Amino acid sequence: MPEKQLSWQPGFSLLRKPAKRPASRRNRQQGFEFVEEHPQREHRAKRSSSVTTYTHSGFLSDPSKEDSIIVATHIAPFQSGAAEENEPPFDPSLETLNDESSTRSEGLPDLETIEGTNEPRLNSCNSEGQSTSFRLPEPTTSEHNFAGSGPSTAAVSALTNIPLPLFTSIPPTIEYSSLTQRFRPILNRYNMEFCTIPLTFQLRINPFRYRTDVDPEPTFLVHAVMALAGHHINSTSTLSHRHTALQLLRQSLNASSDAETMYYVLDTIIILFSLDETQSILGNWSTHLMVAYGLIETCGGIKTLAMSSRVEAQIGILTWWDAITSLLSREDCVFPYAYFDAVLSNQHKREWDFFGLCGCPTSLAKIVMKVARLSAERQKSSLTLDFAFDDTPISEIEQLLEFWRHIPAATAFQDEDCMHQDQDIMHCSEAWRNGLLLYIFRAFQWEPGSSVPVRILYRARVIVDHVVSCRDANMISRQALLPLFFAGCELRDRSTQSEIVKFCSIWDERTRYHMFRSTIPLLEEVWAEQDAKGFENVWWGQVVDKQHTPKAHPLKMRLCFG
């Protein structure tokens, strides 16, 4: 009986085609089947004694035992619904960012170098040093140093007649030992460029910076940073990373609330808050603040918190956002004043200050915290007849603001650059001082229908002048967005209004924080209301309140000017 051989082929034999199948069976998916062959019986006359057999992997077979060329292939290219050749599967939650930004950091890797790799995936095994490993395709026959005379002409001819998909090589892949390692170039660029945008100027202690000494890194923090970095380079993966960060953050909070987790959560909340500011001035800011406050309280509160310089800066920016949101809504702050007071208690040891953090001097930031709380009390008293508001505290604050003056730094006259910087600080500080005086007038003293004194209009014009006087290069004046908004709501001069709109547009374009751009329609609505109903009958609070959702609404949307 002639010797039989089973060859694993995709639906056909190299030696003869199988019998034609009925038409009803032709619709099934293409697969592999075993075909019975009789190579010795049918091809004894055609055999060449020098035929050498190869597999696709490039290894030699023993010609004395093999009578046909058998090619080892992979099943993937023939599976139903498989991806195209050499095309890695798409993972939207881990999509690497496309760099479309007009600005690039010198010396940093291009983001295209990351996207140029095929199918990067995480490596579950523990590799020392977390080095990146490349899995290359198997070498072809030409890459081996064969002994002997090499393949015969018949063998080479047979190989060239095999369909091309059988020789499709596996695309090179990169295995990453961690999520941080995969996104390392983007995280580095974030730390060098993007995390400094919200600050007035560079600070050694930056609450927006991603900590590189975290091991293992919380995945929700990595995704939050990737979302914010993605916004700055116009990546389509921003929302995907944000959604993933929120989901993982929620899971982490449900699983544990220890002190170590708290620090990572604070990092993440601050980055997500900043990310939301890149979209609009309207957001559910109180949700971020309440999560941060609740977690700190669960871990023992501000009195038991280990106050490193970084934690102080984080508490500082959270309480600042809380106060600014409260100023506009005239509602209670989320954080008690004790949190801000705890930050002030270590002021002499601090490696940062409030002006560097948010563009407002510490002495004026302290007034902002007090005015926000007094404004909430005043609002509650106006809604209840049995509660009388005491105007004494706000009158004392008004007097303090009237006599407040900028004190030049000791290095203010060291050289020209120091002099210019000190003048920029003075102009921005004066914008905040006059802005607070405008706020006090409208929130505590003005009555609907009454005229606005010229001294109030003068302060509004002074704010615009201070903003214009700041140098354009470092954009310190952008930190005075809220005072500029207060001023714009008081001025009816068209050219001055156009100047305010121009500044908001420039700041939006250069920082990519769209809270500047979304301020413009809010101002335009105030101006339109004043034109329609009369300047004496409209103030910014009426327009702001229309933007807010009701208190009973599950998603508490409020305005925040950063």
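In the predicted model described here, helix α17 passes helix α18 in a left-handed crossing, a crossing being left-handed if the near helix is turned anticlockwise from the far one by less than a right angle, and right-handed if clockwise. Residues are numbered from 1 along each chain as its sequence is written, and, the model being predicted, local features need pLDDT of at least 70 and side-chain atom pairs count only at pLDDT 80 or more, whereas totals for chains, interfaces and linings use all residues. Side-chain values use heavy atoms, with hydrogens and water left out.

Helix α17 spans residues 481–488 and helix α18 residues 494–511, and the two pack at an angle of about 155° with their axes 11 Å apart; α17 is therefore roughly antiparallel to α18. Angles under 35 degrees count as roughly parallel, over 145 as roughly antiparallel, 65 to 115 as roughly perpendicular and the rest as oblique, the axes being lines fitted to C-alpha atoms, for helices over the stretch in contact, with angles that run from 0 to 180 degrees between N-to-C directions. Helices (H or I, at least four residues) and strands (E, at least two) are DSSP runs, numbered from the N terminus. In the contact (heavy atoms within 4.5 Å), Leu 481, Leu 484 and Gly 488 of α17 meet Ile 500, Phe 503, Cys 504 and Trp 507 of α18. These residues divide into six nonpolar, one polar and no charged, where Ala, Val, Leu, Ile, Met, Phe, Trp, Tyr, Cys and Pro count as nonpolar, Asp, Glu, Lys and Arg as charged, and the others, Gly among them, as polar.

With α19, the axis of α17 comes within 10 Å, and the two cross at roughly 15°, which makes α17 roughly parallel to α19. This crossing of α17 and α19 is right-handed. Leu 481, Phe 485 and Gly 488 of α17 meet Met 515, Phe 516, Thr 519, Leu 522, Leu 523 and Trp 527 of α19, a contact that divides into seven nonpolar, two polar and no charged residues.

A further packed pair is formed by α10 (residues 309–329) and α13 (residues 362–383), at an angle of about 45° and with axes 9 Å apart; the two helices are therefore oblique to each other. Their crossing is left-handed, and the contact involves Thr 319, Trp 320, Ala 323, Ile 324, Ser 326 and Leu 327 of α10 together with Ala 365, Val 368, Met 369, Val 371 and Ala 372 of α13.

A search of the whole structure finds two cavities of 30 Å³ or more, a cavity being a set of points, on a 1 Å grid over the protein atoms alone, where a 1.4 Å probe fits but cannot get out, with lining residues having an atom within 4 Å of a point. The largest cavity has a volume of about 160 Å³, and of the 16 residues that line this cavity, the closest to its centre are Pro 198, Glu 277, Gln 479, Met 515 and Gly 562. Helix α10 gives the most to this lining, with three residues, and the lining as a whole divides into eleven nonpolar, three polar and two charged residues. The second largest cavity, of about 40 Å³, is lined by Trp 320, Cys 358, Arg 478, Gln 479, Leu 481, Met 515, Phe 516, Phe 561 and Gly 562. Volumes are the space filled by probe spheres set on the grid points, which are joined across faces, edges and corners.

How values were computed: On a 1 Å grid over the protein atoms alone, a cavity is a set of points where a 1.4 Å probe fits but cannot get out, and a pocket is an open set with protein on both sides within 12 Å along at least five of seven lines; lining residues have an atom within 4 Å of a point.
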